[in-house]
Amino acid sequence: MNSKKKEPLIHITKRKALTWKQEWLVRLAGILIALILCAVITTFTTHLNPFGVYAAMFKGSFGSPRKIWVLGKELAILLMVSVALAPAFRMKFWNLGAEGQVTVGTLATAACMILLGDKIPNGVLILIMLIAAIVAGALWAFIPALFKAKWNTNETLFTLMMNYVATQLTAYYIIKWESPKGSGNVGIINAHTEAGWLPTLAGQKYFLITIVAAIVTVVMFIYLKYSKHGYELTVVGESQQTARYVGIKVDRVIIRTLLLSGAICGLTGWLLVAGSDHTITTSLAGGRGFLGVMVAWLAHFNPIAMVLSGLLLVFMSRGAGEISTTYGLNPSYGDILTGIILFFVIASEFFINYQLHFRSSKGKEE
Amino acid sequence: MQNNPIAAVSMRNITKTFGSVVANNNVSLDFYRGEILSLLGENGSGKTTLMNMLSGIYYPDAGEIMIDGQPVQISSPKDAYDYGIGMIHQHFKLVDVFTAAENIILGIKPEKGKKMDLADASRRIREICDLYGFDVDPNQKIYNMSVSQKQTVEIVKVLYRGADILILDEPTAVLTPQETDKLFAVLRNMKADGKAAVIITHKLHEVEAISDRVAVLRKGEFIGELITSETNAQEMTNMMVGHEVSLNIERPEPKDAHPRIEVKGLTVRSNDGVLRLDDVSFTANTGEILGIAGISGCGQKELLEAIAGLQAVEKGEINYIEDDGSREPLIGKDPLEIAAMGVSLSFVPEDRLGMGLVASMDLTDNMMLRSFRQGRSLFTDRKSPKKLAEKVVEELDVSTPGVDTPVRRLSGGNVQKVLVGREIASAPTVLLTAYVVRGLDINSSYTIYDLINRQKERGVAVVFVGEDLDVLLELCDRILVLCGGRVSGIVDGRTADKREVGLLMTSLQGGGDKDE
């Protein structure tokens, strides 16, 4: 037998539960270390003053009232998608189809604007657009949910595939509605009459979007935490066996929850077309269906915490845009910084739950 | 031990903590070659943790381990094998679709330049089997094996890897008395061969039957050790619990028994068409405990789930008989519809955290599982479940930091108290329980027996699926024995003897666990 084996260099043990404050301290420390690392990398690779770069990023997000409103709108839209995913993810239904669900929402909204614009009163039109978008988003989520509930198909693949169908469907209609003919895109819909455009509230184009997102987020938080539905879907997510045991109709809960998830995505599509872009392209959702997955996970599916994780991501992407224009850096440079910061944020979750013991320091600790 | 003064394994001042929980505190334990040591302790007393540090699954925070007098560091299961330590875990770690031989050599690197040789492995497995009296076919697939055969494969697996220090974590929990005797015979052979063995068990009569020495842990601390031949069950229990405990299970006479649940010709197939219950008929009476005995997997689960409305039934009847004698069929109704009929049926399922409770939810939220629908509000009412949780914690003496602790953080016994507490809180008329004391220590087990007896005295019809025949024979008024999905007999709990029930459990063709 070899007794030469040494004590392992590092061993990992589970930590005592940290207080709420300590957890945030760990996260803050993580972000701080990430910023230092980013600064070092910036200095070495670009020879720029890292503080200047950080200042530019901050300016890109908060530099002017307009920039703050754009940041608010970007956050609102991303938050809507993340919040839409929350109930599905709580139920451990991995809805990767938010991208497609938002896209069909934009398609339905645009269809109403194009086909019904100026034919009916504007208020009625906006309402019809809203209903059409919600129904379209819900339908896009209902199909995989039904298959999951009845035949236990894999929802991850199914929802992912539905994204492509949504994109292709949108591409077809864009060609059908293209204006001017041959341009390959739709252009601004109802540019002169502004029929179906969401009103500008309080003098701000994006005010309505921000308010809707805030309401949806708070309502979802209450729905998940205090409602019977929220309780049921959490039980289904934890154990379908337990759910059946207490008489919860699992298939019904799956379908109901995904209808809700898809409906909010559809609503997001409505906000995008009617409230912000006033046009339709195949990429209006812009990857938020996937970015939202990250926001939701970072926030442990808590809608209120998603405001913070969403803000971090939106801030980074707005800031990255700014530094690429100010310093002429490749836009991917911002992605590198975002990647480093996210890495540290995720790593801090590990340090919240575990601690490391090193060989030499062990004697002193005990 | 007298003729071998150096301990095979010597653990010195071992401490292991998980967050704020101290699993082992300054524990020192020695054991020797040629002896069998029983490790006794209540749930959560740190027995398995202590042994996991020998098998390389955990690494101690402090303390020293010596093997044959040499200090060693065991930081992985591979290290443990290198030192000749093999552990047979409570939950088997086998690949179902592989044969016994494939499972046994799984993970062993062939020597350099050699290919994996299954035939040679099979031959060596047969040698080990002949040496100790095992009965294993190296070419049989795991999914075709009974629980006791799987366990044998686990033991052969560690012997094949050259283990001469064996640790068995509750090996008898899943065995019939006959299978336990066989296992013990094998263990005695290994002891004679100079191997060291540690056995963790809650069953004191087994401790007396097999071990030379007993070491007792309580709340993570080493309490003391005893020579088995010089002690008795009462002394061991007192040491384990820390105070005097009565080891008698009450059995009040049934009062005013009348039929409550009537099962006629019940036949159930699993999803893949395997016959699980075959023409089962019986009656459960009010104020009576009906025991269900049988090797695990003989249809007990399906039987209870069929009554509770969770299992599709192929043929037969299940009727609920009201006090006035009218019959209401239960088949085809789900748990909600059964409750809507006004039948208060409580069910403590075998899989506590996977079915009876939600592991990540706290006590309050788990209390709500049965009652959250009450009221017309869209929102859940957490006040009354919280009161219920506090009541259960107090009355059943659940040890928990609070009612907002997730149940998965509680130890097995406390989890079970929470589940049983919730199920009897609804004042049931029928109480179904499956392996309600599995893995529980003596103190918790007796608390549960007591609770069940109180329900019986209230006039509840109790169906008690159990595995420990001694308990079934002490607690139940009647015992129904299942064998391969059929009723092989219904005996009187007061007059039946253990051998008779043990034989009924295996009397029909084909064991319970075989799927084909």
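Predicted model: local features only at pLDDT ≥ 70, side-chain atom pairs only at ≥ 80, totals over all residues.
In chain B, 4 strands form an open sheet in the order 12-11-14-15, and their pairing is antiparallel.

- The edge strands of chain B are strand 12 (275-285) and strand 15 (327-329), each of which pairs on one side only.
- Neighbouring strands of this sheet are turned against each other by 20 degrees on average, if direction is ignored.
- Strands of a sheet pair through backbone hydrogen bonds, either parallel or antiparallel.
- Strand 11 (residues 259-269) of chain B is joined by 7 bridges to strand 12 of chain B, and the two run antiparallel; B:Pro259 stands opposite B:Asn285, which belongs to strand 12 of chain B.
- Helix 9 (residues 300-307) of chain B lies across strand 11, strand 12 and strand 14 (315-321) of chain B, and runs at about 60 degrees to strand 12 of chain B.

**Where chain A meets chain B**

- In this interface, 33 residues of chain A are in contact with 49 residues of chain B.
- Between them, chain A and chain B bury about 3,300 Å², with 58% of it on carbon and sulfur atoms.
- The rule finds 1 salt bridge across the interface, in which the side chains of B:Asp334 and A:Lys249 meet (3.2 Å, N to O).
- Across the interface there are also 21 residue pairs in polar contact, both residues at pLDDT 80 or more.

**The side of chain A that touches chain B**

- Strand 1 (10-14), helix 7 (207-226), helix 8 (228-238) and helix 9 (240-245) of chain A are the elements that give two or more residues to this side.
- Helix 8 of chain A gives the most, with 6 residues.
- The residues of this side divide into 9 nonpolar, 10 polar and 14 charged.

Technical notes
Residues numbered from 1 in each chain as written. Chains lettered and ligands numbered in written order. Heavy atoms only, no water. Pairing = 2+ DSSP bridges. Axes fitted to C-alpha atoms, helices over the stretch in contact; angles between N-to-C directions. Contact = heavy atoms within 4.5 Å. Buried area = accessible area lost by both parts, 1.4 Å probe. Salt bridge = Lys/Arg side-chain N within 4 Å of Asp/Glu carboxyl O. Polar contact = N/O pair within 3.5 Å; in protein donor to acceptor, adjacent residues only side chain to side chain. Nonpolar A, V, L, I, M, F, W, Y, C, P; charged D, E, K, R; others polar.
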